[in-house]
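Hello,

Here is the structure I promised to pass on. Have a look at it first, and then read my notes below.

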Amino acid sequence: MGLFTQIATLPLAPVRGVVWVVERVREAAEDEYYDPAPIHRALAELEAELEAGEIDEETFDRREDELLDRLEEIMAYRSEGRP
């Protein structure tokens, strides 16, 4: 960018800054949403609840299916070349 271009587009600098911040927030949200670690922890906690007798087999199966579906979604997202 030349000096003239920088001066001419200076009024747009706040907009570019806001766009940059929004992109960073979106990236952070996606990283958190598509992190498999919480799903693995939830599966381990679910199994511990079953073994401790806190939940029945039917509840375990239903919640396990939900967690495994979520894990499958994360793996599909990551296989598309995203982090």
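**Notes on the loop, the last helix and the core**

Leu12 sits in the loop that links α1 (3-8) to α2 (13-33). Please keep in mind that this is a predicted model. Together with Val15 and Val19, Leu12 makes a nonpolar surface patch of about 260 Å².

Next, helix α4. It runs over residues 57-79, 23 residues in total, and spans 32 Å from its first C-alpha to its last, close to the 33 Å expected at 1.5 Å a residue. Just after α4 comes Gly81, with a positive phi of about 95°.

Which residues of α4 are buried? They are Phe60, Leu67, Arg70, Leu71, Ile74 and Tyr77, and they pack against α2 and α3 (37-51).

The largest nonpolar core has 10 residues: Tyr34, Ile39, Leu43, Leu46, Ile55, Phe60, Leu67, Leu71, Ile74 and Tyr77. Both α3 and α4 supply at least two residues each to this core, and α4 gives the most, with 5 residues. In soluble globular proteins, nonpolar side chains tend to be buried together.

Setting aside neighbours within four places in sequence, Leu71 is in contact with Pro36, Ile39, His40 and Leu43. Ile39 and Leu43 are also members of the core.

Best wishes

Notes:
Residues numbered from 1 in each chain as written. Predicted model: local features only at pLDDT ≥ 70, side-chain atom pairs only at ≥ 80, totals over all residues. Heavy atoms only, no water. Patch = residues over 30% accessible without salt bridge, like charges linked within 9 Å, V, L, I, M, F, W, Y side chains within 5 Å. Areas by Shrake-Rupley, 256 points an atom, 1.4 Å probe, with all protein chains shown as cover. Salt bridge = Lys/Arg side-chain N within 4 Å of Asp/Glu carboxyl O. Helix = DSSP H or I, 4+ residues; strand = E, 2+ residues; numbered from the N terminus. Expected span 1.5 Å × (residues − 1). Buried < 20%, exposed > 50% of the residue type's maximum accessible area, 1.4 Å probe, protein only. Contact = heavy atoms within 4.5 Å. Core = buried A, V, L, I, M, F, W, Y, C linked by side-chain atoms within 4.5 Å.
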